[in-house]
Amino acid sequence: MVEHGNYSVTLEVNLLSIILVGTFNDIATKSACKQIQTKVDSLNGQAFSVLLNCTNYEGSTPAAHKISNDYFLWLNKQNCIAWAAIYHQKIYADMAKNQQPAMFEFQNRREFYDVESAKSWLASQSVVIS
């Protein structure tokens with residue numbers, strides 16, 4: 001089997017940016033989550049924020065949702081101080097709520113429909129962003 005779904009995971013200063021494009025299977029999800037974990041581990045406990053860009057995300061298989069939910073449980077225990085998720089439409093946020101409830105357990109989290117609003121909010125949370 002091959003990866004389905006494209007992603008980018010970058011860490012600049014203390015901003016973890018994740019971009020999801022397309023429809024994801026378990027292989028791509030596992031690979032993206034491992035990259036996220038590597039970036040977070042490289043911070044050695046320093047505070048960070050997350051900018052999750054799902055404007056071109058189209059969904060995931062049930063197995064992929066389970067994998068990402070498990071990683072969100074791990075991420076919720078890290079030193080993340082703010083989390084901004086960007087969606088193209090509300091339906092994708094609703095899908096995430098139903099399939100990945102751990103993502104919504106994080107207290108300082110907001111949903112947006114454009115990147116600039118998300119970055120502005122992260123900046124207001126005393127988070128250094130680029």
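Which residue does Asp70 meet in a salt bridge between side chains? Its partner is Lys66, at 3.1 Å from N to O. A salt bridge here is a side-chain nitrogen of Lys or Arg within 4 Å of a carboxyl oxygen of Asp or Glu.

A word on the model: it is predicted, with local features needing pLDDT of at least 70 and side-chain atom pairs counting only at pLDDT 80 or more, while totals for chains, interfaces and linings use all residues. Residues are numbered from 1 along each chain as its sequence is written, and side-chain values use heavy atoms, leaving out hydrogens and water.

Searching the whole structure turns up two salt bridges. Asp70 and Lys66 both belong to helix 2 (residues 62-75), and because they sit four residues apart there, about one helical turn separates them. Helices (H or I, at least four residues) and strands (E, at least two) are DSSP runs, numbered from the N terminus. The other pair is Arg109 with Glu111, whose closest N and O atoms lie 3.4 Å apart.

How accessible are the partners? The table uses these classes: buried is under 20% relative accessible area, exposed is over 50%, and partly exposed is in between (1.4 Å probe, protein chains only).

| Residue | Relative accessible area and class |
|---|---|
| Asp70 | 38%, partly exposed |
| Lys66 | 53%, exposed |
| Arg109 | 13%, buried |
| Glu111 | 23%, partly exposed |

Now for a look at Ala82. This residue lies in strand 4 (residues 80-87) and is buried, at 0% relative accessibility. Ser124 is 42 residues away from Ala82 along the chain, and their C-alpha atoms are 9.9 Å apart.
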